[in-house]
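Here are my notes on how the two chains meet. Have the model open while you read.

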Number of protein chains: 2
Amino acid sequence: MEIKQLVLNKAKEAKESSRFIAKASTDLKNKIIVRMADYLKQNKDELIKANRIDVENAQKKGISKALIDRLTLTEKRIDEMIKGLQEVVALPDPVGEITKMWLRPNGMQVGKMRVPIGVIGVIYEARPNVTVDVTGLCLKAGNSVVLRGGSEAINSNIALVKILKEALKDEGMHEGVVTYIDISQREAVLEMIKLEGIIDLIIPRGGEGLIRTVTENSRIPVLKHYKGVCHVFVDRDADLAMAEEICFNAKVQRPATCNAMETMLVDENIAKKFLPNMLKKFEDAGVELKGCLKTKKIYPKVKDVKEEDFYQEYLDLVLNVKVVKNIDEAIEHITKYGSAHSDSIVTKDYNKAMKFLKEVDSSAVFVNASTRLNDGYQFGLGAEIGISTDKIHARGPMGLEELTCTKFIVFGNGQIRQ
Amino acid sequence: MEIKQLVLNKAKEAKESSRFIAKASTDLKNKIIVRMADYLKQNKDELIKANRIDVENAQKKGISKALIDRLTLTEKRIDEMIKGLQEVVALPDPVGEITKMWLRPNGMQVGKMRVPIGVIGVIYEARPNVTVDVTGLCLKAGNSVVLRGGSEAINSNIALVKILKEALKDEGMHEGVVTYIDISQREAVLEMIKLEGIIDLIIPRGGEGLIRTVTENSRIPVLKHYKGVCHVFVDRDADLAMAEEICFNAKVQRPATCNAMETMLVDENIAKKFLPNMLKKFEDAGVELKGCLKTKKIYPKVKDVKEEDFYQEYLDLVLNVKVVKNIDEAIEHITKYGSAHSDSIVTKDYNKAMKFLKEVDSSAVFVNASTRLNDGYQFGLGAEIGISTDKIHARGPMGLEELTCTKFIVFGNGQIRQ
């Protein structure tokens, strides 16, 4: 069969199954997820064996150590997946929640009810844990999933999906709720993202290149973020000790993440006082510093920052430092160079805090906290399927609620249109 | 200049202006809208003069009477636009609303705040009133608009937009908040919908053909409904007098609208009792009836309904009638043939009412009320920019709230990621 037809058949199966998972009770959905966790536990050896084939193939291909590390399944990693599923079981079910209800003058009650989106397509790289994490979240929110992981993980993913499907079947649910596109060719992804009307939403997870390819070719709505160019602005009215701790955490705690700080903006009124200690601390932690002219005057050891650096997502221990005149210049800078991901102000001044919250148009805007906290777990959503910097549906970490939409419901007693 | 460049320049102007309208206070936005209404009032003659050119051109081209009627501006129609703007002034501003806020164990307050979407592109047919209605709603929700109306209305729209821009300028707001693509060529639309990253959302309004062209070619998210194939299901436990009134209203009150009923589904247990009166009443109102075999047995005068009829949006006094075994068959039918727009059940049975509400996946689901009530005004949203049957962002009538998104805000006091 052609790739096109194979992908279409799988997506259609997901679509047909979506009606059944959409109306499943919370109890049933939880039972399925618990069973998935149980079956993972029972099949650890088999999973690790399947994964070993992927890892060996990857090693033969000379794939980088970091990628092989992400690809590798260990007992500990399987335990983490199991724990992830158990956490999803514990989260409240968003489906059926009536978020608002109001009475109209003609006596009808109008409300908005959360409903599943339908079929969610997730495209990701060679990280088998994503297969399980994403399935748990989408299923709890009443959706079917069509999964397509990186081709290097194909044996691991096929083994995982087999187990997930068994759990569905054994709870009497349609297996099509979890569907995996087990075709290595890139063409499969391109066919998948054309299936408007069958798949309802595409969530790509991975590097900027993957996400751009998906977004540029998709006929289905896509929720994603390309990159995280995040800022901390240290205002003249900041508690400088707090600012030092927040900036250090935002850059150093885990620099390879999308919510790590890439540029530190410092108000010129406190730059002389703040920068020497702060930059020394960064240097001691091995951070490569690039500074503007004013920064260099205060701390000559920094390299020159170029304009294009301000657009960079380093994902590494590299930091741009810029001294700005005031909060307006800071917001201007964030608006121009930022990626609308995570931005923070450190200040004791009420008005500036509120101004920053209002005017910075990012997925999460922080006052006196680290950008590293932009995360589903940290925010209490329980888990996240990704972070959106898009303009519609949802910005920021997307948890169960963001995997639903709302419809209008009306309780009438004979109302007609006059 | 090339069309491509002209469209790009206009959209960029809208994008630059969007930051300013996004942070404008409710007072300022209301002042602008009031001024727009005032200037419309002061310039009625000029508007009607510009419109006359469009109408005369349309008449020369031999355009249909119905379309010319929609194109024509009268004093009454301008008064309606003014009234529409005044109503938008009276609506609460959605921007800045904090919809939720919760405390995390580390002491930070996390919330979701409504924010404008940014730049909204609206593509519509030759109805000049849409220019004003859409502008009022988008602006109140803090968005810029890029408008593209049907080419037959170009003189009217240019005259209207000139007035709207004057109001913006006179209140000290960037004129780019309202931008009109005054290029008749269809190419302009195709260029407009490619501007991903500049225009944030496209809302097409008009016939199914226009909407399909826009959706198929857009690189920007689109919210729309293609058509309304709406149903009323008369359950065996219905109050039959109420059912008669609701069905009659749903079909006859204004058949050319998207929320009018196209197929009436009747439980076989009450079909014999319900159909004769009901169908007679429809006939007397000039409704052409197409029925299934069971319907024909009860009321032989109806024509045969064909399967393809069930997919039809008649927009006219034509109705399909189908007798079904029970609620399950009714929901099955709606799922298969419906357009996820507006569907209603008439029943006195609590369990069936709740089942229908839950399992019918339409933008608005009614119990004991007419589908004709699926409308922003009727639901109390104040006004609507359109109805969405899409799966993400919003389903149903889209008012001010649906013209916003939410971002996360965090009030911290030094929190870092552990």
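1. Start with the overall size: chain A and chain B bury about 6,400 Å² between them, and carbon and sulfur atoms give 53% of that. Buried area here is the accessible area (1.4 Å probe) that two parts lose on being put together, summed over both. On the chain A side, Ile392(A), Phe408(A) and Arg417(A) lose the most area to chain B, together 14% of what that side buries.

2. A word on the ground rules. This is a predicted model, where local features need pLDDT of at least 70 and side-chain atom pairs count only at pLDDT 80 or more, while totals for chains, interfaces and linings use all residues. Residues are numbered from 1 along each chain as its sequence is written, chains are lettered from A and ligands numbered from 1 in the order in which they are written, and side-chain values use heavy atoms, with hydrogens and water left out.

3. Counting by contact (heavy atoms within 4.5 Å), chain A puts in 75 residues and chain B 75 residues.

4. Now the charges: 12 salt bridges cross the interface of chain A and chain B, each a side-chain nitrogen of Lys or Arg within 4 Å of a carboxyl oxygen of Asp or Glu. One of them to look up is Arg19(A) with Glu332(B), at 3.1 Å, N to O.

5. There is strand pairing too (at least two DSSP bridges between two strands). Strand E13 (residues 364-369) of chain A runs parallel to strand E16 (residues 404-415) of chain B, joined by 5 bridges; strands are DSSP runs of at least two residues, numbered from the N terminus. Within this pairing, look for Phe366(A) opposite Val410(B).

Methods. Helix = DSSP H or I, 4+ residues; strand = E, 2+ residues; numbered from the N terminus.
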